[in-house]
Amino acid sequence: MAKSQEQQHPKKAFGWAARDSSGVLSPFNFSRRETREKDVAIKVLYCGICHSDLHMVKNEWGITTYPLVPGHEIVGVVTEVGSRVQKYKVGDKVGVGCLVGSCQACDKCANNLENYCPRLILTYGAKYHDGTITYGGYSDIMVADEHFVIRIPDTLPLEGAAPLLCAGITTYSPLRYYGLDKPGMHVGVVGLGGLGHVAVKFAKAMGVRVTVISTSPSKKEEAIKRLKADSFLVSREQDQMLAAWGTMDGIIDTVSAVHPILPLIRLLKTNGKLVVLGAPEKPHELPVFPLLMGRKMVGGSNIGGVKETQEMIDFAAKHNITARVEVIPIDYVNTAMERLAKADVRYRFVIDVGNTLKPAF
């Protein structure tokens with residue numbers, strides 16, 4: 001169902017925004033662009049709260065433009081499509097992740113790596129092609145170029161699928177790229193939070209033996225019984241760590257706080273790979289000698305391109321993988337941010353936008 005030219009006009013939108021570095025969010029009226037020929041308009045039903053949202057509302061990375069409407073784990077239903085849209089129709093279940101634009105001309109974009117495009121456009125707090133600032137999914141509607149829209153299979157519950165658009169692809173992509181997806185491999189997952197718990201689920205679905213590595217002994221039962229990890233290491237227990245030296249093909253490190261890297265490198269086999277996904281405020285200390293002696297490597301990864309994100313969502317649907325979530329009303333969002341700062345959530349807050357966000361025009 002295409003949109004006629006005479007119907008094109010900016011859309012009234014309503015959401016919650018932060019106005020300053022206090023990080024407090026409150027109701028906010030704004031406009032979305034008209035549905036252009038390659039655009040998809042979406043009624044937002046759920047939006048996950050990522051730890052990046054917390055950093056951004058408080059301007060902890062020094063790049064925030066206010067007012068800021070956060071949210072890049074967005075799922076909903078298509079309400080309108082532009083005249084040249086080919087992939088979607090009204091009524092389709094779809095999502096929008098961390099990206100809404102890229103140059104579409106560089107070698108990264110040509111190779112489906114829009115996430116590494118030097119001109120990538122983030123879903124919120126970034127400058128779009130037309131010079132406007134992007135607003136995220138803590139809002140009632142979304143308009144995005146169809147290239148950056150992900151189809152959500154009917155078998156995935158929307159609230160559990162939303163966090164996969166960030167946490168899911170952030171862990172799925174390095175498992176695939178670094179070859180840590182082969183049945184029988186042994187992979188460690190550091191941290192059992194929003195990223196870590198879905199990393200365990202994806203790795204197990206790939207046939208990998210998984211060891212969760214955590215500072216919290218209390219998470220052992222969750223890791224083993226609920227998430228089906230094969231083993232659990234308390235990183236502060238030297239005897240446990242020593243017994244596991246040289247046993248892992250790779251490690252996915254999801255922790256954002258500064259923490260020792262050397263004990264993790266020691267867990268790797270020769271040719272092992274430590275993949276860092278967290279972004280600590282201060283640089284890690286990286287001991288080189290253990291890398292040299294074991295031909296080990298330390299790498300990184302950042303979300304994934306659009307094609308791989310769709311692949312991840314389809315894989316999740318096939319293997320019944322969703323994030324463990326706590327669904328909240330929009331007016332609980334400031335409390336949720338406070339709890340998130342204390343790691344008081346298992347494992348992702350998801351805002352019930354469709355049922356609790358009421359426009360106040």
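1. V350 sits in strand β17 (residues 348–352). Helices (H or I, at least four residues) and strands (E, at least two) are DSSP runs, numbered from the N terminus. At 0% relative accessibility, V350 is buried. Buried means under 20% relative accessible area, exposed over 50%, partly exposed in between (1.4 Å probe, protein chains only). V350 touches Y46, C47, G48, E159, P163, V325, E326, V327 and I328, leaving aside residues up to four places away in sequence. Contact here means heavy atoms within 4.5 Å. I330 is 20 residues from V350 in sequence, and the two C-alpha atoms are 9.3 Å apart.

2. A note on the basis. This is a predicted model, in which local features need pLDDT of at least 70 and side-chain atom pairs count only at pLDDT 80 or more, while totals for chains, interfaces and linings use all residues. Residues are numbered from 1 along each chain as its sequence is written, and side-chain values use heavy atoms, with hydrogens and water left out.

3. The open sheet has 6 strands in the order β12-β11-β10-β13-β14-β15, with parallel pairing. Its edge strands are β12 (231–234) and β15 (297–300), each pairing on one side only. On average, neighbouring strands are turned by 20° against each other, direction ignored. Two strands pair if DSSP finds at least two bridges between them. Axes are lines fitted to C-alpha atoms, for helices over the stretch in contact, and angles run from 0 to 180 degrees between N-to-C directions.

4. Follow β11 (residues 209–214) within this sheet. It runs parallel to β12, joined by 4 bridges. S214 has V234 of β12 as its bridge partner. β10 and β11 also pair in the parallel sense, over 5 bridges. There, V189 is partnered by V212 of β11. Of the 6 residues of β11, 5 are buried, so the strand is largely enclosed by the rest of the structure. Helix α5 (residues 194–205) lies across β10 (186–190) and β11, and runs at about 165° to β11.

5. Helix α4 (167–177) deserves a look. It is largely enclosed by the rest of the structure, because 9 of its 11 residues are buried. The buried residues include A167, Y172 and L175. They pack against β10, α5, β13 (248–253), β14 (268–276), α10 and β17. G179 follows α4 and has a positive phi, near 70°.

6. The largest nonpolar core has 55 residues, of which L175, L180, V200, F202 and I313 touch the most other members. Elements that each supply at least two of its residues are β3, α3 (158–161), α4, β10, α5, β11, β12 and α10 (306–318). A nonpolar core is a set of buried Ala, Val, Leu, Ile, Met, Phe, Trp, Tyr and Cys residues joined through side-chain atoms within 4.5 Å. I313 touches I150, R151, I152, P153, L156, L164 and L165, not counting residues up to four places away in sequence. Another core lies apart, with 46 residues, among them L25, V96, A126 and L340.

7. The cysteines. The whole structure holds 0 disulfides, a disulfide being a pair of cysteine sulfur atoms within 2.5 Å. For C106, the nearest cysteine sulfur is that of C103, 3.6 Å away. For C166, it is that of C50, 3.8 Å away. C106 is buried at 17% relative accessible area, and C166 is buried at 7%.

8. Check the backbone at two cis peptide bonds. One joins Y66 and P67, with omega about -5°. P67 lies in the loop between α1 (51–57) and β4 (74–81). The other runs from R346 to Y347, with omega near -10°. Y347 is in the loop between α11 (333–341) and β17.

9. Two residues other than glycine have positive phi. I303 has phi of about 40°. It is in the loop between β15 and α10, and is buried at 8% relative accessible area. N320 has phi near 55°. N320 lies in the loop between α10 and β16 (325–328), and is exposed at 62% relative accessibility.

10. Last, a loop contact. E34 is in the loop between β2 (25–32) and β3 (39–49). E34 counts as buried, at 18% relative accessibility. Its side chain makes a polar contact of 3.0 Å with that of R36. A polar contact is a pair of N or O atoms within 3.5 Å; within protein, one must be able to donate a hydrogen and the other to accept it, and residues adjacent in sequence count only if both atoms are side-chain atoms.
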